Amino acid sequence: MSSTDERAPEPTTSYEQAREELADVVRRLEAGGLTLEESLSLWERGEELARLCQHWLDRARERLAAATQEEDRPS
Amino acid sequence: MTAPSTPESPWPVRTVARKVADWIGRLGEVWVEGQIAQLSRRSGAATVFLTLRDPAADLSLPVTCHRDVADRPGLELTEGARVIVRARPDYYVARGSFSLRATEIRAVGLGELLARIERIRRLLAAEGLFDAARKRPLPFAPRVVGLITGRDSAAERDVLVTTRRRWPAVRFTTHHCVVQGPSAAANVMEGLRRLDADPDVEVIVVARGGGSVEDLLPFSDEGLVRAIAVCRTPVVTAVGHETDTTLVDHVADVRAATPTDAAHRIVPEIGEQRRLVDGLRARSRHLVAGRLEQQERWLESVRSRPALAAPERLLHGREDDVLGLRTRARRTLTHRVESAERDLEHARARVAALSPAATLERGYAVVQRADGSLVRDPAEVADAEPLRVRVAGGRLPVRVDRSTDQEDPA
């Protein structure tokens, strides 16, 4: 799912912001008491945020791997 | 008395020489202290020539003495030695040269030397030259080290070998100089000036191997101590053995016990630094990776929560609701229909129960007059009146006949 993110420019929402909002979305979904339309919109937003978080984490993982590769190269 | 000299009647050389000799001869005997800068003995000659240098100022005096004075048992005259001389200023008329004619030479004792050093130390300490606040930190890993030391000395080798082993990238700018004797202090000061002026030199090491107190004397020279104090480049001293303390050690930014120790002070150990960096790097990578994994796990757990992972559940609940309501509605309706049916049944039963047919069935009969009205009282009907009796099986025409009537026992 990160492939869809590749072509997009760097998102303006930071990992922490996305993460916090995602946690909030899940909490609200779990608390219930929403209309069907509300809960569907909320779920869609949650998916989007989860993708965003995943994007940041994938990117971090790539950078870590790149740095490790560079370091392990014989100097 | 001689007549004053004029261009017309100048004095002969002998007269002037004698006058100078007389004047100098009147100066009398003095005790003078200095350092032997030069010592020349000519074999067979009865006179020994010395040059006596002032340890603080750049000037000197020629001293002559009889061989017996210089060779007195117990006195070891060497260049660089501090001496106290009893002498008479003397003018040698034959050559027009001045010298101090020594009649006694004493070596300055060790105790006296140390006491002298101590006096200078106190003086400089009072000026604040040795204050800890003046000490500058050494650079972490200097690119260029200035080294002042004796040519091909063990001290030089110790510093070079150990420093390069510890930090191979280091470069040296070396100032070789005399590290002993009367010119040593000036030589070292010259080296300091040169290296301090060199912008590449990041730290200066003054190194010299061990020696006697007299040998190390130049390193307690007041001028040298002051020169180190004004140096802009940090200075490390490594003079003598661990137990020797010279005044330069007090003024230096770092005092190393030995030249090898100086090497330890000026550069870090490359292997140790590498291990340190490797360790820090491993720790930081571990931390970052751990943090990342923790976040990945968190995200995984959130994504697998039913609220996100199974959006159809959002519908499930609703469908169940709809189904439930629908079921309830159906059940309610069915219930009501059934209850209506039951009501109907009851009504039917009651109707049936109220119908006379059932009563007739049990053997009762209904008696009607011709007009169809029911007979409820025997008095209502006349004798021989035709009536109709209705029983379960059907109708039966009858006529009233009271003759057969008997009182009903009931």
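This is a predicted model: local features need pLDDT of at least 70, side-chain atom pairs count only at pLDDT 80 or more; totals for chains, interfaces and linings use all residues.
Let me start with Gly210 of chain B, which counts as partly exposed because it has 15 C-beta neighbours inside 10 Å; by the convention used here, a residue is buried if 20 or more other C-beta atoms lie within 10 Å of its own, exposed if 12 or fewer, and partly exposed in between, with C-beta atoms placed from the backbone. Gly210(B) sits in the loop that runs between strand S8 (201-208) and helix H6 (222-230) of chain B, where helices (H or I, at least four residues) and strands (E, at least two) are DSSP runs, numbered from the N terminus. The C-alpha atom of Gly210(B) is separated by 6.8 Å from that of Val239(B), although the two are 29 residues apart along the chain.

Residues are numbered from 1 along each chain as its sequence is written, and chains are lettered from A and ligands numbered from 1 in the order in which they are written.

Now to the sheet. In chain B, five strands form an open, parallel sheet in the order S7-S6-S8-S9-S10, and two strands are taken to pair if DSSP finds at least two bridges between them. Strand S7 (171-176) and strand S10 (254-255) of chain B are at the edges with a single partner strand each, so one side of each is left without a neighbour in the sheet. Strand S6 (residues 144-149) of chain B pairs in the parallel sense with S8(B) over five bridges, and with S7(B), again parallel, over six bridges. On the S8(B) side, Val145(B) stands opposite Val203(B) and Gly146(B) has Ile204(B) as its bridge partner, whereas Leu147(B) stands opposite Thr174(B) in S7(B). S6(B) is mostly covered, with five of its six residues buried, and together with helix H4 (residues 154-166) of chain B and S7(B) it makes a right-handed β-α-β unit; right-handed means that, with the strands pointing away from the viewer, the path from the first strand over the helix to the second runs clockwise.

In the loop between S6 and H4 of chain B we find Asp152(B), which has a positive phi of about 55 degrees although it is not a glycine. Most residues other than glycine have a negative phi. Asp152(B) is exposed because it has 8 other C-beta atoms within 10 Å.

What lies in the largest nonpolar core? This core has 40 residues, and those that touch the most other members are Ile204(B), Val205(B), Val206(B), Ile228(B), Val236(B), Val248(B) and Ala262(B); a nonpolar core is a set of buried Ala, Val, Leu, Ile, Met, Phe, Trp, Tyr and Cys residues joined through C-beta atoms within 7 Å. The largest share of this core, six residues, comes from S8(B). Apart from it lies another core, of 16 residues, among them Leu22(A), Val26(A), Ala50(A) and Ala307(B).

A second pairing pattern in chain B is antiparallel. Strand S1 (residues 30-41) and strand S4 (residues 82-92) of chain B pair in that sense over six bridges, while 10 bridges join S4(B) to strand S5 (residues 97-107) of chain B, also antiparallel. S4(B) and S5(B) form a hairpin with four residues between them, and Gly96(B) in the turn has a positive phi of about 70 degrees.

Finally, chain A and the contact. Chain A has three helices and zero strands, and of its 75 residues 21% count as buried. The contact between the chains takes 15 residues from chain B and 19 residues from chain A, two residues being in contact if their C-beta atoms, placed from the backbone, lie within 7 Å. On the side of chain B that touches chain A, helix H9 (270-303), helix H10 (306-309) and helix H11 (312-354) of chain B give two or more residues each, and H9(B) gives the most, with nine residues.
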